[in-house]
Amino acid sequence: IKVQNILDTDFFTGTLTLEQIQEIGKVPVYKAWKPLSEGYQRDENQRRIDEIRDRVYDNPESLDILVDAVNLNIRVPDAAAHIEPVQKSASDYGDFFTFKYIDSYGPAFIVDGQHRIKGALAAFEKARADGDNEVFNKLAGTRINISLTLTDDVYKEAYIFYLINKYAKAVPPDGAHRLIVEGHNNQNVNFRNEVIKLGTMSKDEIMAANIADRMAHQSNVWKSRIRDFNDSGAGKISIKALTKMLKPTFGVVKETLKTSGSKLDP
């Protein structure tokens, strides 16, 4: 069912079985120092997954942990060409549509709900390993409520993740930092608005963040001492903290260059 258009993207609601999500679902986890096109979500929390697994396994008929929809995105160019109304005369919001998935579309990226899905799948695999066919069959055919988008714009996909988490469970500070900096640098209008219109970060902070990134990649002194989102390493300074440290110095240099008539190299 086509339910709404947000960010110039149609949102659909529907269902998939847990087994189908296992086959095509993928969580786009952020890897330190990699672009958002390769992932943007926090690392999984194994404790949460185990808790959900046990809850699902103990009550497979309820699956109450999945009371909310799981958000999926399939990165399909020209999405309108791949989704059709059931009745040609009924193609508005609230009407029914069909979408035929094929392998060449690639994964259904789990934009929101990774721990719930991974926990349910862990229960599914536990039932398989234990030979508990009753629980296994119940979970395999269990239908999961999904919210589906079809956009090949990874920054729009990441922004949807950002909005869901910003106004629900907070995005980790380092994660929000990385999302906004990368989205802004890639000229994504939504992330740019977070900086320009909403003031989530200032332009000076963006510039300071880019300097911090250059230090992390190019400085022989600093590149082993900076920690990115989802990065590990005791004793390292986070990229967000370094950005805050650099911002006042950047401001002084910018004003000095401005006073002398020199241009600031972006």
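Is R128 buried, partly exposed or exposed? In this predicted model, local features require pLDDT of at least 70 and side-chain atom pairs count only at pLDDT 80 or more, whereas totals for chains, interfaces and linings use all residues. Residues are numbered from 1 along each chain as its sequence is written, and side-chain values use heavy atoms, with hydrogens and water left out.

R128 is partly exposed, at a relative accessible area of 44% (buried is under 20%, exposed over 50%, and partly exposed in between, with a 1.4 Å probe and protein chains only). The side chain of R128 forms a salt bridge with that of E125 (3.0 Å, N to O), a salt bridge being a side-chain nitrogen of Lys or Arg within 4 Å of a carboxyl oxygen of Asp or Glu. E125 and R128 are three residues apart in helix α3, and are therefore separated by about one helical turn (helices are DSSP runs of H or I with at least four residues, strands runs of E with at least two, numbered from the N terminus). E125 is likewise partly exposed, at 29%.

A second salt bridge joins D130 and K126, with the closest N and O atoms 3.1 Å apart. D130 and K126 are four residues apart in helix α3; their relative accessibilities are 47% for D130 and 32% for K126.

The side chains of E44 and K118 also meet in a salt bridge (2.7 Å, N to O). E44 lies in the loop between β3 (25-26) and α2 (46-58) and K118 in helix α3 (residues 114-130), so the pair ties together parts 74 residues apart in sequence. In the whole structure, 17 salt bridges are found.
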